[in-house]
Amino acid sequence: MPAGSPAIRAVLFDADGVIQRGFSINAQPLRDSLNIPTDRLPACVADLFAAERNALTGTRSLEECVAHLPAQWGCRGTADDIIRSWTISLEADPGMVAGIRSLRALGIPCFLASNQGHSRARYMSEVVGYRNIFDREFYSCTVGLAKPGPEYFRLILR
């Protein structure tokens with residue numbers, strides 16, 4: 001670090017597309033469990049992300065927010081099937097995890113800052129293991145605010 005540069009006090013990491021791979025337009029678990037035709041999958045994914053926005057601050061459950069989707073999509077399955085299929089595709093990127101561990105070994109605190117509903121946040125923390133990778137996790141559903149709002153960042157920086 002050049003002389004006079006500020007020291008890194010902490011690093012915030014996003015989850016989807018940064019720390020974790022998984023769910024994409026070719027989300028096979030979602031397609032397979034709900035029998036969604038491949039050509040309809042992009043529209044279904046867009047519907048899922050739109051519904052998820054209503055669960056990000058934790059005032060509504062993700063299950064409640066996606067309950068209408070099976071009927072809307074005209075497919076078999078339930079809201080729980082949608083969430084399970086979407087969630088099981090999550091996988092921490094080994095290279096990113098190694099980088100986070102290296103930063104922490106240098107004494108640099110690393111935090112997860114992610115927009116998630118309660119069920120996915122719990123899965124990410126407990127099953128994917130983020131509670132053991134990060135110094136602390138800041139999920140929008142537990143913070144009560146969502147990114148990119150400046151209040152979300154102000155709150156977690158405090």
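Is asparagine 35 buried or exposed? Asparagine 35 counts as exposed, at 52% relative accessibility, where exposed means over 50% relative accessible area, buried under 20%, and partly exposed in between (1.4 Å probe, protein chains only). This is a predicted model, in which local features need pLDDT of at least 70 and side-chain atom pairs count only at pLDDT 80 or more, while totals for chains, interfaces and linings use all residues. Residues are numbered from 1 along each chain as its sequence is written, and side-chain values use heavy atoms, with hydrogens and water left out.

- An open sheet of 3 strands has parallel pairing and the order 1-4-5; helices (H or I, at least four residues) and strands (E, at least two) are DSSP runs, numbered from the N terminus.
- Strand 1 (11-13) and strand 5 (136-139) are at the edges with a single partner strand each, so one side of each has no neighbour in the sheet.
- From one strand to the next, the twist averages 25°; axes are lines fitted to C-alpha atoms, for helices over the stretch in contact, and angles run from 0 to 180 degrees between N-to-C directions.
- Strand 4 (residues 110-114) pairs with strand 1 in the parallel sense over 3 bridges, and two strands pair if DSSP finds at least two bridges between them.
- Strand 4 and strand 5 also run parallel, joined by 4 bridges.
- Valine 11 stands opposite cysteine 110, and leucine 12 has phenylalanine 111 as its bridge partner in strand 4.
- Phenylalanine 111 in turn has arginine 136 as its bridge partner in strand 5.

**Cover over the sheet**

- Helix 6 (residues 94-105) lies across strand 1 and strand 4, and runs at about 160° to strand 1.
- Helix 10 (residues 150-157) packs on the sheet and touches strand 1, strand 4 and strand 5, its direction making about 150° with that of strand 4; contact means heavy atoms within 4.5 Å.

**Asparagine 115 and helix 7**

- Asparagine 115 lies in the loop between strand 4 and helix 7, and is buried with a relative accessible area of 17%.
- Leaving out residues up to four places away in sequence, asparagine 115 touches Asp16, Glu52, Leu56, Ser140, Ala146 and Lys147.
- The backbone nitrogen of lysine 147 is reached by the side chain of asparagine 115 at 2.9 Å.
- Helix 7 (residues 118-128) has as its buried residues Ser119, Arg120, Ala121, Met124, Ser125 and Val128.
- An α-helix has 3.6 residues a turn, so residues three or four places apart point the same way.
- Glycine 129 follows helix 7 and has a positive phi, near 95°.

**Cysteines**

- The count of disulfides is 0, a disulfide being a pair of cysteine sulfur atoms within 2.5 Å.
- For cysteine 65, the closest cysteine sulfur is in cysteine 141, 12 Å away and too far for a bond.
- Cysteine 65 is buried, with a relative accessible area of 3%, and cysteine 110 is buried with a value of 0%.

**Loops and backbone geometry**

- Most residues other than glycine have a negative phi, and most peptide bonds are trans.
- Asparagine 35 has a positive phi, near 55°, and is a residue other than glycine.
- The loop between helix 1 (28-34) and helix 2 holds asparagine 35.
- Lysine 147 and proline 148 are joined by a cis peptide bond, with omega about 10°.
- Proline 148 has its place in the loop between helix 9 (140-143) and helix 10.
- Glycine 58 is in the loop between helix 2 (41-52) and helix 3 (62-66), and counts as partly exposed at 26% relative accessibility.
- Not counting residues up to four places away in sequence, glycine 58 touches His118 and Cys141.
- Between glycine 58 and glycine 129 there are 71 residues of separation in sequence and 21 Å in space, C-alpha to C-alpha.

Conventions: A polar contact is a pair of N or O atoms within 3.5 Å; within protein, one must be able to donate a hydrogen and the other to accept it, and residues adjacent in sequence count only if both atoms are side-chain atoms.
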